[in-house]
Amino acid sequence: IFHLANAAMLPLVGQKLAAIYGPEYATMLTSSAIVGAQFIMAPVSRLVGAKTDSWGRRPLLLLGFAALPIRGILLSTSNNMYFLLGVQLLDGMGVGVLDTLLPLIVRDVVGG
């Protein structure tokens, strides 16, 4: 469910940026949003993988799930390009946490 809701936000950000700054910047700004999120996702995944046993899975899982609605609310509050691209970094945080925890939680549930 997270990924279905998360996937819809990037095109909306791209449309908003294109409407504000013009279609000539749409590709560059959308690409910046994707790359920025990926730069955050990699270290977050590494941190979550290293700390999941000491911090626990539940708080990290709640943090990952919280990133999506916070991101949605913040994206609707501003038209500033830098703010919108900065808020997109929450995408990297949420995906980094959830994609790292999912296999661990499945392993816990299945008992393997």
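Asp108 is partly exposed, with a relative accessible area of 42%. On this scale, buried means under 20% relative accessible area, exposed means over 50%, and partly exposed is what lies in between (1.4 Å probe, protein chains only). The model here is a predicted one, in which local features need pLDDT of at least 70, side-chain atom pairs count only at pLDDT 80 or more, and totals for chains, interfaces and linings use all residues. Residues are numbered from 1 along each chain as its sequence is written, and side-chain values use heavy atoms, with hydrogens and water left out.

**Salt bridges**

Back to Asp108: its side chain meets that of Arg57 in a salt bridge, at 2.5 Å from N to O. A salt bridge here is a side-chain nitrogen of Lys or Arg within 4 Å of a carboxyl oxygen of Asp or Glu. Because Asp108 lies in helix α5 and Arg57 in helix α3, the pair ties together parts that are 51 residues apart in sequence. Arg57, at 16% relative accessibility, counts as buried.

Asp108 also forms a salt bridge with Arg107, which is partly exposed at a relative accessible area of 40%. Bridges that share partners join Asp53, Arg57, Arg107 and Asp108 into one network.

Then there's the pair of Asp91 and Arg71, whose side chains meet in a salt bridge too. It links distant parts of the chain, with Asp91 in helix α5 and Arg71 in helix α3, 20 residues apart. Both Asp91 and Arg71 are buried. The structure holds four salt bridges, and the table lists some of them.

| Salt bridge | N to O distance |
|---|---|
| Asp108 and Arg57 | 2.5 Å |
| Asp91 and Arg71 | 3.6 Å |
| Asp108 and Arg107 | 3.6 Å |

**The chain as a whole**

Now for the wider view. The C-alpha atoms fill a box of roughly 50 × 20 × 20 Å, taken along the principal axes. Of the chain's 112 residues, 35% count as buried. The chain exposes about 6,700 Å², and carbon and sulfur atoms supply 71% of that; accessible areas come from the Shrake-Rupley method with a 1.4 Å probe, and for residues, only the protein chains shown count as cover.

Contact means heavy atoms within 4.5 Å. Among contacts between residues at least 6 apart in sequence, 76% join residues at least 24 apart.

**Inside the fold**

In soluble globular proteins, nonpolar side chains tend to be buried together. A nonpolar core is a set of buried Ala, Val, Leu, Ile, Met, Phe, Trp, Tyr and Cys residues joined through side-chain atoms within 4.5 Å. The largest one here has 11 residues, among them Met9, Val13, Leu17, Leu29, Leu68 and Met81. The elements that give it two or more residues are α1 (2–21), α2 (26–55), α3 (57–75) and α4 (81–87). The largest share, four residues, comes from α4. Not counting residues up to four places away in sequence, Met81 touches Leu17, Tyr21 and Leu29. A second, separate core has six residues, including Val48, Val97, Leu101 and Leu104.

Helix α2 has a bend of about 35° at Gly49, taken as the angle between axes fitted to the seven residues ending there and the seven starting there. Its buried residues include Ala26, Leu29, Gly36, Val44 and Thr52. After α2 comes Gly56, with a positive phi near 95°.

**A loop and a patch**

Asn79 sits in the loop between α3 and α4. Is Asn79 buried or partly exposed? At 46% relative accessibility, it counts as partly exposed. Leaving aside neighbours within four places in sequence, Asn79 is in contact with Lys16, Ile20, Tyr21 and Leu84. Asn79 and Pro23 are 56 residues apart in sequence and 15 Å apart in space, C-alpha to C-alpha.

Finally, Leu102, Val106, Val109 and Val110 make a nonpolar surface patch of about 410 Å². Patches are made of residues with over 30% relative accessible area and no salt bridge, where like charges are joined within 9 Å and nonpolar side chains (Val, Leu, Ile, Met, Phe, Trp, Tyr) within 5 Å. Val106 lies in helix α5 (residues 89–110) and is partly exposed, with a relative accessible area of 44%.
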